[in-house]
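Subject: Structure handover and notes

Dear colleague,

Please find below the structure I promised to pass on to you. My notes on what was found in it follow directly after.

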Amino acid sequence: MGKHETPMLDELEKGAWPSFVTEIKKARNTSSMPEMAEDELGQVEKSFQTKRGYWKHGGIVGVLGYGGGVIGRYSSLPEEFPGIAHFHTYRINQPSGFFYTSEALRMICDIWDKYGSGITNVHGSTGDLVLLGTTTENLEALFAEYSSRGWDLGGSGSAMRTPSCCVGMARCEWANIDAMGICNHMTQHFQDELHRPAFPYKFKIKVSGCACDCVAAIARADLSIIGTWKGNIRIDQAEVKNYADGGMDIQSEIVDMCDTQCISYDGGEFKINDEQCSRCMHCISKMTKALRPGEEKGATILVGSKAPIVVGSLISWVLVPFIKCDDEDYALLTELTENIIEWWDDNAKPRERLGELIEVKGMRPLLEAIGVPPQPQQVKEPRKDPFFFWSESDFAK
Amino acid sequence: MALPERQTDVGPPHFEQFLPPVIKKNYGKWKHHEIITPGTMVHVAESGDEIYTIRAASPRILSTETIRDMCDIAEKYCDGHLRFTTRNNVEFLISDKAQMDPCLAELKEKKYMVGGMGPRISNVIHTQGWVHCHSACTDASGIVKAMMDELHEYFTTKSLPNKVRLAVACCVNMCGAVHVSDIAVVAVHRKVPVIDNAMVGKTCEIPTTVGSCPTSAIRPNPKDRTVVINEDKCMYCGNCFTVCPPIDIHNPEEDGVAIVVGGKIGSLRTSPKFSKLAIPFMYNEPPRWPKVVDAIKNIIDVYAANAKKHERVGEWIERVGWEDFFKLTGLEFTYQHIDDFTFMRDTLRTSAAFKY
């Protein structure tokens with residue numbers, strides 16, 4: 001039994017699913033500041049009892065020379081819960097693909113137990129390894145300990161946020177681009193933009209190796225980089241037969257569900273009209289041994305997705321249908337990214353995301369700024385009303 | 001003790017140093033994979049090399065003690081290699097097939113929940129909630145725990161027509177992709193915020209506060225150095241509270257959650273979709289939110305009984321029509337379901353053909 005009675009939270013230690021309450025309780029065993037987890041339990045119990053939160057808005061805290069990566073968090077009830085009077089978040093920039101060795105994780109845990117609450121998020125929504133709960137005075141020590149070992153802070157505020165990606169080529173045969181390589185490159189390339197907020201608002205980059213989009217790039221990144229291919233899907237007819245022999249109803253499960261109805265199968269040869277294929281990944285994902293993406297690899301670049309605040313949620317829009325990503329240091333992709341960010345940074349109002357800016361300005365100024373021509377792949381359908389802009393350059397043609 | 005010398009702008013460590021040798025060797029050269037059980041799979045490289053993966057659930061909030069326990073397991077069976085998924089599961093990466101059974105046995109003994117692969121419910125994406133966020137109007141971890149205690153068999157054993165991606169957001173800021181989930185819970189306010197006029201003048205920037213409102217419900221009151229909210233226009237999003245804390249949006253008795261359904265991220269078969277409103281409001285009932293959990297179970301049961309194999313929740317609903325979704329689930333259709341925000345034009349029906 002701890003310092004506070006927590007009957008409601010104790011209820012959430014029962015049941016089969018792993019319990020976050022148990023985790024917060026355990027943090028008391030190892031942290032050098034067990035009063036943090038103790039008072040965190042007390043305050044969360046109070047929230048459960050009264051149905052409201054007791055955290056103040058973040059204050060400005062951070063480490064010297066950086067403008068982000070630490071989120072100030074203070075209890076609004078510091079007399080009742082002194083252990084969490086300060087309870088700041090320290091975001092560690094995760095390695096691309098979320099791969100670790102036990103040695104690295106143990107180091108992170110040891111330092112966190114010494115200078116923080118022992119409570120973590122593995123991982124936060126954006127992708128950082130999130131350490132929950134430390135004091136202002138411990139921030140520089142944490143930064144010295146982690147950064148000297150090669151672990152930098154993540155992003156926060158009006159800055160580049162820590163890019164993230166799917167498992168990519170490390171363990172997925174569908175990766176059309178080196179998602180982890182691109183993610184790591186972008187993170188390193190934009191270090192200054194990540195640590196020193198100078199943008200109108202946040203800017204997120206996420207990289208998925210294929211249209212399955214395991215990192216949800218299309219839904220929550222200002223810049224969504226999604227792997228794709230050109231050319232024919234590679235078919236292993238013997239493996240197709242194995243799926244059929246194994247009981248798969250190829251007609252109803254694959255042929256009938258094909259987005260563009262470009263597959264035919266008569267029980268013998270499995271045929272794809274690749275000209276008509278939209279590369280949606282359904283057939284490939286269901287027949288992993290029989291079908292593989294085509295060999296000319298690249299990415300589709302989409303822009304603008306975000307959550308509802310302020311004027312409604314957005315799913316990213318196609319900007320560049322196909323771009324090669326196999327050049328040295330992803331130079332083409334990096335230049336495109338810089339140009340997109342520059343246009344947004346030059347034009348957006350404070351707290352205006354890229355998608356919202358495009359809604360205000362239209363897609364044309366962005367396309368012109370980055371030198372990408374209009375293409376039917378960018379729209380579901382052309383406009384319906386006969387209201388449109390003409391500019392001098394259109395008359396010159 | 002003196003601190004080590006800090007470095008700046010070093011970025012994260014390069015991922016390569018954390019990859020198991022078999023992954024390093026076959027990077028970009030994987031041929032196919034197979035889900036062996038709901039929580040285990042094998043990837044086979046063009047070279048014939050194999051890597052086995054065991055996936056286990058995590059509450060995402062982890063103590064250092066639990067992370068060290070995961071490290072112990074990884075050291076015993078995986079040469080110390082482990083990773084986490086984009087949905088916050090832990091994955092043990094096993095290069096030696098003979099280590100699979102002993103690793104699974106230890107995970108079982110330690111009560112790890114193995115599963116989450118294939119046409120099932122994987123881990124739930126969720127936000128910080130009352131545990132750590134100032135704008136939360138529900139507790140995300142609490143709802144996830146209550147929900148998954150009831151649904152965990154869909155993680156470990158039972159299958160569904162396709163994956164069902166669940167998410168919980170503790171306010172409309174929606175950290176995490178709640179707006180494109182098969183079924184998601186999002187916390188909402190329903191009352192116009194209460195303004196502490198004296199504090200607004202002291203702590204807020206008036207133009208920013210006015211500009212934060214998506215429905216232009218806020219106008220300045222320069223005489224009193226504060227703002228006025230037009231109650232007829234306010235949709236209770238709370239963005240004003242985010243930029244100006246003295247505009248208090250919290251109302252513990254009237255805050256609660258909405259349930260949205262049918263969102264999808266992948267481009268497979270059909271385009272990615274937003275989640276749409278199924279239930280506009282349910283009260284917060286900590287610690288177990290029983291009515292919310294029942295409502296989600298009901299939607300999953302109806303989906304499981306009616307969808308075709310490989311259809312996601314949203315694809316099934318679009319095939320049968322939203323009018324059928326409300327009929328089959330028994331959910332009430334209310335004024336709140338008809339969009340009167342920015343996307344109304346796209347959502348009203350423009351055909352005389354529909355079902356009853």
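Domain bounds here come from an automatic or database domain assignment. For chain B, that assignment gives domain 1 (15-109), domain 2 (125-190 + 252-347) and domain 3 (194-248), and the centres of domain 1 and domain 3 of chain B, taken over C-alpha atoms, are separated by 50 Å.

Please keep in mind that this is a predicted model, in which local features need pLDDT of at least 70 and side-chain atom pairs count only at pLDDT 80 or more, while totals for chains, interfaces and linings use all residues. Residues are numbered from 1 along each chain as its sequence is written, and chains are lettered from A and ligands numbered from 1 in the order in which they are written.

The contact between the chains

Counting two residues as in contact if their C-beta atoms, placed from the backbone, lie within 7 Å, the contact takes 102 residues from chain A and 95 residues from chain B. On the side of chain A that touches chain B, helix 4 (residues 102-115) gives the most, with eight residues; helices (H or I, at least four residues) and strands (E, at least two) are DSSP runs, numbered from the N terminus. By class, that side of chain A has 48 nonpolar, 33 polar and 21 charged residues, where Ala, Val, Leu, Ile, Met, Phe, Trp, Tyr, Cys and Pro count as nonpolar, Asp, Glu, Lys and Arg as charged, and the others, Gly among them, as polar.

Helix 4 of chain A packs with helix 2 (residues 64-77) of chain B at an angle of about 160 degrees, their axes being 9 Å apart; axes are lines fitted to C-alpha atoms, for helices over the stretch in contact, and angles run from 0 to 180 degrees between N-to-C directions. The two helices, helix 4 of chain A and helix 2 of chain B, are therefore roughly antiparallel to each other (under 35 degrees counts as roughly parallel, over 145 as roughly antiparallel, 65 to 115 as roughly perpendicular and the rest as oblique). Among the residues that meet there are A:Leu105, A:Cys109 and A:Trp112 from helix 4 of chain A and B:Ile67, B:Cys71 and B:Ala74 from helix 2 of chain B, and by class this contact has six nonpolar, two polar and four charged residues.

The chains also meet through strands, which count as paired if DSSP finds at least two bridges between them. Strand 3 (residues 99-101) of chain A and strand 5 (residues 81-84) of chain B pair in the antiparallel sense over three bridges, with A:Thr101 standing opposite B:His81.

Within chain A

Five strands of chain A form an open sheet of mixed pairing in the order 6-7-8-13-14, and its edge strands are strand 6 (164-165) and strand 14 (317-323). Strand 7 (residues 205-208) and strand 8 (residues 223-230) of chain A run parallel and are joined by four bridges, A:Val207 having A:Ile225 as its bridge partner in strand 8. Helix 12 of chain A lies across strand 8, strand 13 (296-303) and strand 14 of chain A, running at about 155 degrees to strand 14.

Helix 12 (residues 331-347) of chain A also packs with helix 14 (residues 363-370) of chain A, at about 135 degrees and with the axes 9 Å apart, and that angle makes the two helices of chain A oblique.

Backbone details

A cis peptide bond joins A:Ile309 and A:Val310, with omega about 10 degrees, and A:Val310 is found in the loop between strand 13 and strand 14 of chain A.

Best regards
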